[in-house]
Every structure is written in C-alpha cells, then in structure tokens.
Amino acid sequence: MSPRAVSRVFRPTLFGVGFVFLLAGALPACQREPGKAIEEIQSVTIEGPTMGTRFTVKIERARDEATIDAASRRIPEVLGAIDSMMSTYKPDSELSRFNQHQDTSSFPVSPEMIEVFQAARVVSEASGGAFDITVGPIVNAWGFGPEQRSAPPADSEINALLPRVGYLMVEIDAASSSLRKARPDIYCDLSGIAQGYAADRVAKMLDELGVADYMIDVSGEFRTRGRNDRGDSWQIAVERPDAPERTAHLVVPLSDKSLATSGDYRNYRERDGKRVSHEIDPKTGQPIAHGLASVTVVTDNCALADAYATALIVMGPEKGFALASEKGMAVFFLVRNADGGFDERRTPQFDALVNVVQ
Ligand code: ADP
Ligand code: MG
C-alpha cells in the first residue's frame, strides 16, 4: 500500500514543537516491518505536517488493508479540518473570523469550536484563570503569534492589552452553537489546547474505523489506545531539558491515555541573554519566569491534558503542583535547581503509571 501523499506546507510554527517523543521502534512514514506480509502485521506509521508542526500516527494490528487506507486518508483530513477551524495563522479560519468579529452580537460556530471553548473553560476555572484563551493579544505582543515582532512590547502596551484578557468575557452558548464577546476587541488563541483536541478527534475517527491499537502524536501531545508493535504499552519518552540532542529523561508506559507536556525550553526567544517563554501569565501579561522547566500531564482526554499542562506551567512549581495534587492528577514536573540541573516532582498518580510492571 502506498500512503496518500501528504503535501508539505511551509509556514510559521503555530503550535511549537513537542517535549515528548515515542521511544524507539518508530518506522518511517507508512512503512511496514521488513519481511512481514500485510496479512501478518498490518502495522503502519502515518506522518505529515499539520498546524505549522508535525503529526505522527502509528497503528498496529489493523483489521485489514482497507482500514489502513481509510486511516491514511482520513487522518490528514481530520487534522486539516481542525486547523481550518482553530488556526490564528489562517485569516479565514473560524477562530480568525470570530476574532475579526469586533462586535458583541452572537457569532455562530461549529460544534467542535464549542467543545474546545468548553474544555478551555473547565481548565480556566480549575486554574483560577492561569489558562485563558483570551490572552491572545498578549501572546501576539510578545511575538508568539502570527505576526513577527522585532522588539519586546513596552509595559504600556501590555497594560493597555490586559483589560481585554479574561475568560469570562466569552459567553459560550452550546444550545445555539454560538459564542458572544463581552467587549468587541476580545481575541482568542487556542494554541494551548487545539493540538490536544486534534489528537482526540483523530482518536475518535480511528475508534470508529475499529482500530484498537494506535498512538497519535500531534506535535508532542499524545493519545494512545491498546498496545505497541511488541504488545506492550506505548512507550512515551519525556525529553531531558537542555540536552543538545533529544534524550529521554523518563519513559512513561501509556495505554488508553493521553499525555501532554508544556515547557519553557523549546519555544522561546532570547532577549538580552534572557529566555522569553511563550507561556504567558494572563494576570500580569508577562512570560513565565520561574524555575519550572516542564510539566507533563497524563489524563484520558488529550485536550484537557494539553490545557492543564499549559495551566500548571503558568501557575509555577508550587501552586501548579498543589493544584495537580489536590485534583489527584498524574503530573510530572522538572524544576531547575541551583546547580544547573533539574529536580523532579511527581504526584503519586504519576508514580503509579511509571512504576507499572509490564
Ligand atoms: P506547546 O505549543 O509547546 O505545546 P502549550 O500547549 O503550553 O505549548 O501552548 C502554548 C501556547 O498557548 C502559546 O504559544 C500561546 O499561543 C498559548 N498560551 C500562552 N499562554 C497561555 C495561557 N496562559 N493560557 C492559554 N493559552 C496560552
Ligand atoms: Mg497546552
């Protein structure tokens, strides 16, 4: 079988790059294990560009070739559809049209947008507003949005933007499938949740096709089901921060779960020798500047894992960990220490996952 070619589109990175990767054994795009016939293995890797970054999907033990063909065709379609809805880089995406709608009248949107706005709201409420999609204008001011910026924003610019930030200023009406702004200049950025949501949508499609063993990676946000090629849980490696090459710090066995990571060591800019993170504290309008280098969250739903990872890294090593512990979440923190190394913090729920004997 030859996979449907996925054309490569070059454009700025919308969602950054992942901090986690599938450990070993990954085959190149749409290849099967050499020497094994399709009847025996039905194993395939499908990969390509999406949302300014990349996706990889591995499928094991598919029922038949028709299932693999359907999956290869549908995965880029599902991801493309999400991108056309939720990109701030595409001026005609549904989200961009909502952002351009400088009006407080209600704006009809797709059920997928309602679902993402609702998931975002859950995490905003749980995190006391640390996760807030209305932070978009400030993300853009710091140069992490669609427009290039050569200089950091002045305090006066940030202060002028802060009144536009507040998740309660978007009303979500699921019954009429519409959104409404409390002030006309609200601008939303879904980049902290859309990749995870996209992984959820791909998972739903694969479930409907009857695929029982898969691993979906949308720019480092993972959703898994069943087992890998060796019949074990999928092995997802959390990257060691600051390593010159991709090195596994820790391996998380994952089956029927999602894993998302947010970090300050991949998508950032250098300003005056200092690192400017793309994770913004919506209360201050400032990029995070604490010792928390990465947050990994494991949960069922990938949109929530993605948004919680962003929320917890914004909250920081103490408050973020306290919230995760209180909520009984499986999370793993890497915190920079005074010696230039990293200290780990894991909740018991995360420990239980990693210590599982296979
Ligand atoms: P990554 O893109 O590396 O996976 P995240 O999932 O944490 O990282 O998403 C970070 C993106 O989310 C930023 O680039 C920005 O567009 C947006 N963002 C930044 N700060 C916040 C925040 N406090 N709440 C919601 N979204 C945010
Ligand atoms: Mg996120």
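Reply: Start with α7 and its helix neighbours. Helices α2 and α7 are roughly antiparallel to each other. An angle over 145 degrees counts as roughly antiparallel, one under 35 as roughly parallel, 65 to 115 as roughly perpendicular, and the rest as oblique. The model is predicted: local features need pLDDT of at least 70, side-chain atom pairs count only at pLDDT 80 or more, and totals for chains, interfaces and linings use all residues. Residues are numbered from 1 along each chain as its sequence is written, chains are lettered from A and ligands numbered from 1 in the order in which they are written, and side-chain values use heavy atoms, leaving out hydrogens and water.

Helices and strands here are DSSP runs, numbered from the N terminus (helices are H or I with at least four residues, strands E with at least two). Helix α2 covers residues 65-86 and packs on α7 at about 150 degrees, with the axes 10 Å apart. Each axis is a line fitted to C-alpha atoms, for helices over the stretch in contact, and angles run from 0 to 180 degrees between N-to-C directions. The α2 and α7 crossing is right-handed.

Which residues of α2 and α7 make the contact? From α2 they include Ala 70, Ile 75, Leu 79 and Met 86. From α7 they include Tyr 197, Val 202, Met 205 and Leu 209. Contact means heavy atoms within 4.5 Å. By class, this contact has 14 nonpolar residues, one polar and two charged. Nonpolar covers Ala, Val, Leu, Ile, Met, Phe, Trp, Tyr, Cys and Pro; charged covers Asp, Glu, Lys and Arg; the others, Gly among them, are polar.

Now turn to α8. Helix α7 (residues 194-209) packs against helix α8 (residues 302-315) at about 165 degrees, with axes 7 Å apart. That makes α7 roughly antiparallel to α8. The α7 and α8 crossing is right-handed. On the α7 side the contact uses Ala 194, Gln 195, Gly 196, Tyr 197, Ala 199 and Asp 200; on the α8 side, Cys 302, Ala 303 and Asp 306. Five of these residues are nonpolar, two polar and two charged.

Asp 306 also meets a metal. The magnesium ion (ligand 2) is coordinated by Gly 192 (O), Asp 306 (O), Asp 306 (OD) and Thr 310 (OG1), at 2.1 to 2.5 Å. Donors are N, O and S atoms within 2.8 Å of the metal (3.2 Å for Na, K and Ca); water is not among the atoms, so sites may look incomplete. The donor residues are spaced G-x113-D-x3-T in sequence. Gly 192 sits in the loop between β6 (178-181) and α7, and Thr 310 in helix α8, so this pair ties together parts 118 residues apart in sequence.

Helix α8 lies across β8 (221-225), β11 (258-263), β16 (292-299) and β17 (330-336), at about 155 degrees to β16. These strands belong to an open, antiparallel sheet of eight, ordered β2-β3-β7-β8-β11-β16-β17-β18. Its edge strands, β2 (44-50) and β18 (342-346), each pair on one side only. The twist averages 10 degrees from one strand to the next. Two strands pair if DSSP finds at least two bridges between them.

Strand β6 belongs to an open sheet of three, in the order β4-β6-β5, with antiparallel pairing. β4 (107-108) and β5 stand at the edges with a single partner strand each, so one side of each has no neighbour in the sheet. Strand β5 (residues 170-173) joins β6 through four bridges. Here Glu 171 stands opposite Arg 180 in β6. Two bridges join β4 to β6.

Conventions
Left-handed = near helix turned anticlockwise from the far one by under 90°.
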